[in-house]
Amino acid sequence: MNSNTIWEKLQSIDTRILYVVTLIVIALPMLFPQIKLPIVPSQESIDCYQAVEEMGATHKLILINGAFSASSRGENGWQAQAIIEHLMKMHAPFAIMSIDPQNPQLMQDIVDKYAKKYDYVYGRDYVNLGFQVAFAQTVKGMVQDIKGTVKEDWKGTPLTNIPVLKNVKSIKDVSGIIDITPVASLDTWLGLATRVYDTPLVYVPTAVMAPEGYPYKDSKQIKGILMGVKGAGDYEYLMGVKEEGTQISTILSMVYGLIILLIIFGNIGYHGARISAQNAQKHGSE
Amino acid sequence: MDSNYIHHLFNPILLFGAIGTVAVFSLVFRENKLYRLFEHIFIGLAMGYSLGMTWTQVLRPKWWDPMMHDGIWIWAIVIPIGLMFYGIYTKKFSWMARMIFGFYFGLSAGTVFQGFAAEYIPQITASFKPLIASGAITKQMAANNWIFLAILIGVLTYFFFAFEQKNIVVKKTANFGRAMLMVAMGGMFGATIMTREALLIDRVRFILIDWLQLNVHLFH
Amino acid sequence: MQHASDNWNVANFVVILSVIILFKIVTAQKGMKTPFAACIGLFTVILLAFTVRAHWWGASIGILIASAFLLFKILTSRSDRIPTIRRIAGLNAIDEAVGRATEMGRPVLMIPGIGQLDIPALQGLNIFGYIARSVAAFGNRTILAVADPPLAGVGEEVIRDAYAAGGRPELFNPDDVRFISDRQFAFASGVAGLIEREKVAASFLMGAFFAESLIITEVAQRTGTIQIAATNQFTQLPFFVATCDYVLLGDEFYAASAYLSRNPTLLGSIVGQDYAKLLILVVIVLGVIATGYMELVHTGAIHDSSATDSLTKVADYFLKMFR
Amino acid sequence: MSIINHIFAPIPSSHPLFYVAFFLTILVGLGILALLQILPNQARKPIIALVTFLGGLYYTAEFFIPVPTGHDGNFLSPYMDTMSNIASVLGCFSVGLGIISLIGLHFKNTIKLKASWGFSATLIVCFVVMTIFTLLDQYSPKGMLIPKVANKSVYQFLFSGGLTSLDAAMFALIGFFIISASYRAFRIRSLEASYLMASAVIVMLGQVTLGSALTHNIPHAYDFFKLENLSEYILAHINSPAQRAVTFGLALGALATSLRLWLSLERGLYFDQEA
């Protein structure tokens, strides 16, 4: 049965070997940033980028909603980083609100990373509204009156003392909403906020949550979907920078390549073994 | 290696997190002593945290404070009722535990009605999709709606248990439903991979870049 | 918290579904049929009469007709026919799994999900009762791992009862009913360790599972455990299908206890569920037709006339019922 | 209602009468339990059934009883919070069942010096330390027992260094397991298996650059066949109706099970009322 061994091996690779290979595939591009794959942005990412570009062109306030905690930082964090850098590049004013208690700090860390480079000053160019306990109620209130609903920023400064919000009363004065999220927050925005003043919304979910947005993209209720880390990579490509999003997007492509390769191996092994067993049987009967 | 780097490596929070991560990752190769140690640490910490939260998030604000500060003495009644849970440890009082568990069965059953109305009725309504192209409904949308309805009916038919599935049309519909269910599950599987891998990449990054800072220190 | 006040007709629909199911459950019992069932029917009609008074006429009349029909069925049906239900592959494999575990002299693991004491967990425990009874009859050991403290209590009782029913009460060990953690991944780590150390030979995962499902099933896969899984979470079904030997898809989970016990009450419940499913199907088809019709009316493809006017009203009524 | 309000009116906890009422309540509660205990055995089943029914009655009635026009809810609605508070407070009393089960087992292991007693002892130590510092973190604003800084940083060490990173690491394990699972599961063994595999592969490829690059050059007229569009189609137009159909079935199953439980019609070893 020697002829079978290659097939048998192909369809029963020790899982430990798979895991080691996975680790290597993940670690190599991190340690050797020279490893690169070409990036082809998807149409969705391009739409998304253009929508944010249009929001920025109005020079009105952009509202970012952060719904992620440290556990989905691996996806949402890089998306947020790409988008915030883009806003800073356009010098668009923005406000960050969070619906996860860990999120205000995570968002602030991202802003701090670029604040110096793009000369962003807290209060003048952006504001961190902090964690909002009751999401739906907050959104409902913000449609009427942002300062009356949120009242203070994350450090307790009254919003009336924040210059960037000077001419902002409600969602009406906001040029767009960017929802960066690993949870089902989209319905709340669509149901309560965007339809009131036709505020454009960009949906920036983790990959698993992306399908939630497809029906709304078809009906043009959202301007774009930036899906997972791949979206972050695309976004950096469109912006013309190469940072973590690009790197992790590369790693992901390689991991996916590995998975596809393994599936092919498994199938070749499975069918190879079957065919050679059939052949052996034929020969045996002759 | 400079002292700053050493200092960074031995930062207790980072070190604890990093060793824990490595220990947990070692499970994929085989169950071992290091994994076992951190498994027990993890469960111990989780139980302690949960007990702490039980008191600080629920019992204290909802029970102790209203009772002892606001004087709502009737809250004391939950002490004897709560004791009923512990009836399971004796033969004599175990029926009392059944009583309080029964209360909870009733409670979870009662909330199901509300849950049904809140979650599933909107899904029924959302399935009312027009099948004929006219006005705002394009031909493509109508076609998609046909497919939607066909799959919905097919899968629902597959899940009929008591109705006989001998009729050829019913049988075919159910088979189609099962096939579509497989396609849907494959899609679900595929869509989940990215999020899971992103997390793994993030953890590997935590070890190699955030903790060991290999990107800086490896080649210098 | 959802409240029926937003949409009273929605509540009616829930009532009808409940009544259908309940009717089937009740009529499946011996002796209890008529009085109890009639009470339920009467209760429904009274409740719906409320609606007619307080709310919206057209839809409610439809519902009244439906419930009158139900009441008629209740009063005229027979309870001596036990329904048959279709084959569920995963459940036939239970004995094989339990038998093999016994041959190997290794324990059987059962997990009623990582949710709290709720309906899926209780359904899981109910199924485990039957499985544990045959485990006991084989003289093997059952380990039950739970993620919610009260479930440890209920679970202990269930397994103890099962061992008594299997004729081996002395084999029950309270230490084998283990609360591990109510924290999702701490639970997963504990179960993964348990599977490896106890060399579990068969594992049954039945309840609400989330992301941790794959950790549990892959570790068990590695140790050569036979796995049978069922869950109420659609998102985890693909992973169970990929990694377990047998999976109960969708509401096969809720049919399992009826299938295993052949208890007329539970079987009756399954029939009721089928009728309710059929009702949902019919409502959806009618809704699709009504929506399409209204769309055509709005775009002017159908012109107003006395004939279409009443049709339009009916379609409109129907759609409003669920809105 | 006013009489009830009057009887159960709060008494300031500084007042001695408060403690009288407090202990009396406990005594009365225990008295009722004792009374139930001496009832004949045949009475137990109906009592359990009644308690189960009452447990579900509030939510059911609150949901089904019509709401007067112009009101937000019916006469039961204002007690929603009270009800959920009672449920969660009572639920907290069951936490001991978990502790007895978990810590009891490891305590036994430790004192009997079983093979793995070291691990069991570690678990108990972690449990105790974490409980203390979680409570201290909330309770000791002035750092009465140990300096606040030490308290905070120990808590941070246990929480961020321990609990959260172990959580994340365990979660990340799925990244490994999903690879071995897809390697093993996606074989074309049957028609059904090939459906599963094909759609998984399409969706996977549609999500990464690899996929976009593969079908990048497809002419515009055939845009639909670009992997990312195929993937979107599967998720939006095949996954969602299938998922919906499955959830309808599951919801009805849950509805049926809860009806059976609520009315004590459930059948099963533990639930059986027929015996």
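Colleague: How many salt bridges does the rule find across the interface of chain D and chain B?

Modeller: This is a predicted model, and across the interface of chain D and chain B the rule finds one salt bridge. The partners are Glu192(D) and Arg178(B), whose closest N and O atoms are 2.5 Å apart.

Colleague: And how many residue pairs are in polar contact between chain D and chain B?

Modeller: Between these two chains the count is 16 residue pairs in polar contact, with both residues of a pair at pLDDT 80 or more. On the side of chain D that touches chain B, several helices of chain D give two or more residues, including H2 (16-38), H7 (148-185) and H10 (227-262). The largest share of that side comes from H7(D), with 26 residues. By class, the side of chain D that touches chain B has 82 nonpolar, 34 polar and five charged residues.

Colleague: What area is buried between chain D and chain B?

Modeller: The size of an interface is often given as the accessible area lost when the parts come together. Between chain D and chain B that buried area is about 11,200 Å², and carbon and sulfur atoms give 80% of it. In chain D, the residues that lose the most area to chain B are Phe93(D), Phe119(D) and Leu166(D), which together make up 7% of what that side buries. The contact takes 121 residues from chain D and 114 residues from chain B.

Colleague: Staying in chain A, where is His59(A) found?

Modeller: His59(A) is found in the loop between helix H3 (43-57) and strand E1 (61-66) of chain A. Most residues other than glycine have a negative phi. His59(A), although not a glycine, has a positive phi of about 55°.

Colleague: Is His59(A) buried or exposed?

Modeller: His59(A) counts as exposed because its relative accessible area is 52%, and the cut-off for exposed is over 50%. Asp119(A), which is not a glycine either, has a positive phi of about 55°, and its place is in the loop between helix H5 (103-115) and strand E3 (126-131) of chain A. Asp119(A) counts as partly exposed, because its relative accessibility is 47%.

Colleague: Last topic, how many helices and strands are in chain C?

Modeller: Chain C has 13 helices and six strands, and buried residues make up 63% of its 323 residues. Of the contacts in chain C between residues at least 6 apart in sequence, 72% join residues at least 24 apart. Chain C exposes about 11,300 Å², and carbon and sulfur atoms supply 59% of that area.

Note on methods. Residues numbered from 1 in each chain as written. Chains lettered and ligands numbered in written order. Predicted model: local features only at pLDDT ≥ 70, side-chain atom pairs only at ≥ 80, totals over all residues. Heavy atoms only, no water. Helix = DSSP H or I, 4+ residues; strand = E, 2+ residues; numbered from the N terminus. Buried < 20%, exposed > 50% of the residue type's maximum accessible area, 1.4 Å probe, protein only. Contact = heavy atoms within 4.5 Å. Areas by Shrake-Rupley, 256 points an atom, 1.4 Å probe, with all protein chains shown as cover. Buried area = accessible area lost by both parts, 1.4 Å probe. Salt bridge = Lys/Arg side-chain N within 4 Å of Asp/Glu carboxyl O. Polar contact = N/O pair within 3.5 Å; in protein donor to acceptor, adjacent residues only side chain to side chain. Nonpolar A, V, L, I, M, F, W, Y, C, P; charged D, E, K, R; others polar.
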